[in-house]
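Here is a short briefing on the structure shown below. It moves from a sheet to a helix pair and then to a chain overview.

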Amino acid sequence: MAGSQDPNDNPMAINVVPLVDIIFCLCVFFMCSFKFRQLEGKFDSWLPKDKGSEGLPSLELISEVRVALMWDEATQVLTRKMGVRSIPQDEELQRSILEAHQAWVQKGKPDAPVTIDGDARIPWGEVITVVNIIKRCGIEKIEFAMGAPPKKPGSK
Amino acid sequence: MSKHAPPAVEESVAVNVVPLVDIMFLLLLFLMVGGDMSHRESTEVQLPQADKAVDVNKDDETPYCVINIHPVRDPTSDADRLTPTFRAITNWQFAIAGIEYPDYFALLEQLKLVAERKREDVPLPGTNPPRYLSAVLVTIRADKDAPYGMIQQAMQACAESTLYKIEVGASKPPTN
């Protein structure tokens, strides 16, 4: 790429100093604005077509594994519960979810979902952590428990 | 003393800048290609990390929409992210393609328009008159500190506007 060192090869010298200046400026600009791309992934969470947040639950026995995420506003601390048991450790939660799901499988309900019932104030990162733990258990059916959508002020 | 004066030594101090220019060009090329300068649909958020998240593999044929959930006030530090005022639901808003929607109702209005971009070919079974759900794929990209209530509202707004193909974004931890 580099040219010859012999000045006789190219008797007409080109002043490259402005070129170097401009390239330096461009380099500084691009280096300052450079940002590494975040490696992004996704979780599919398709909404059910045939049911929604409206309507009453059916009378049949609810077959699910429920993970409750509670938020203490005063201490800004999250509590994860299955039943009445508090489970702060990820490994223990994974084991508990797997055991609870296996119990449904043995009862002939392999499609039993894991429902995440979270307080609206908890950080989204904590919900994704639980989703990730459920995925690690090999369970694909995950449901999010939600209340009714907000009502427009003034509407009945 | 010598009769002959020593020959004049002519020193050439010209610096050969050609390799410098070559390297600078390569550096510039790398920065231009590697830099993420495009104006994307995604706003800058700190996505929650999840190793089980699957790679984003968008089919060009499928129409899609990205709902970003980001703070109204940018955090001043990592410690600021943990404060109740930063985490309060009033500090968060929705954004689609750079346009901000402050609440559920503003988002819902926009999503109703998004849903009309493409409808499914087959109506929902058992509906009379036939009800066609939207075929638009929605990705919810929420900051890791966004309150879960905002994501719930985004999902509810999608359900209300017949959008059911939803994905939630997460960042994959760097692999060694």
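In this predicted model, chain A holds an open sheet of five strands in the order 4-3-2-5-6. The pairing is mixed. Strand 4 (85–86) and strand 6 (142–144) of chain A stand at the edges. Each has a single partner strand, so one side of each is left without a neighbour in the sheet.

**Strand pairing in chain A**
- Strand 2 (residues 65–72) and strand 3 (residues 77–82) of chain A run antiparallel.
- Five bridges join these two strands.
- Ala68(A) has Lys81(A), in strand 3 of chain A, as its bridge partner.

**Helix 1 of chain A against helix 1 of chain B**
- The axes of helix 1 (residues 17–32) of chain A and helix 1 (residues 18–34) of chain B come within 10 Å.
- They cross at roughly 30 degrees, which makes the two helices roughly parallel because angles under 35 degrees count as such.
- The crossing of helix 1 of chain A and helix 1 of chain B is left-handed.
- From chain A, the helix 1 residues in this contact include Leu19(A), Ile23(A), Cys27(A) and Phe30(A).
- Helix 1 of chain B meets them with residues including Leu20(B), Met24(B), Leu28(B) and Met32(B).
- The residues of this contact divide into 15 nonpolar, no polar and no charged.

**Chain B overview**
- Chain B has four helices and six strands.
- Along the sequence of chain B, the pattern reads α-β-β-α-β-β-α-β-α-β.
- Of the 176 residues in chain B, 30% count as buried.
- Among chain B contacts with a separation of 6 or more, 68% come from residues 24 or more positions apart.

Technical notes. Residues numbered from 1 in each chain as written. Chains lettered and ligands numbered in written order. Predicted model: local features only at pLDDT ≥ 70, side-chain atom pairs only at ≥ 80, totals over all residues. Buried ≥ 20, exposed ≤ 12 C-beta atoms within 10 Å, placed from the backbone. Contact = placed C-beta atoms within 7 Å. Pairing = 2+ DSSP bridges. Axes fitted to C-alpha atoms, helices over the stretch in contact; angles between N-to-C directions. Parallel < 35°, antiparallel > 145°, perpendicular 65-115°, else oblique. Left-handed = near helix turned anticlockwise from the far one by under 90°. Nonpolar A, V, L, I, M, F, W, Y, C, P; charged D, E, K, R; others polar.
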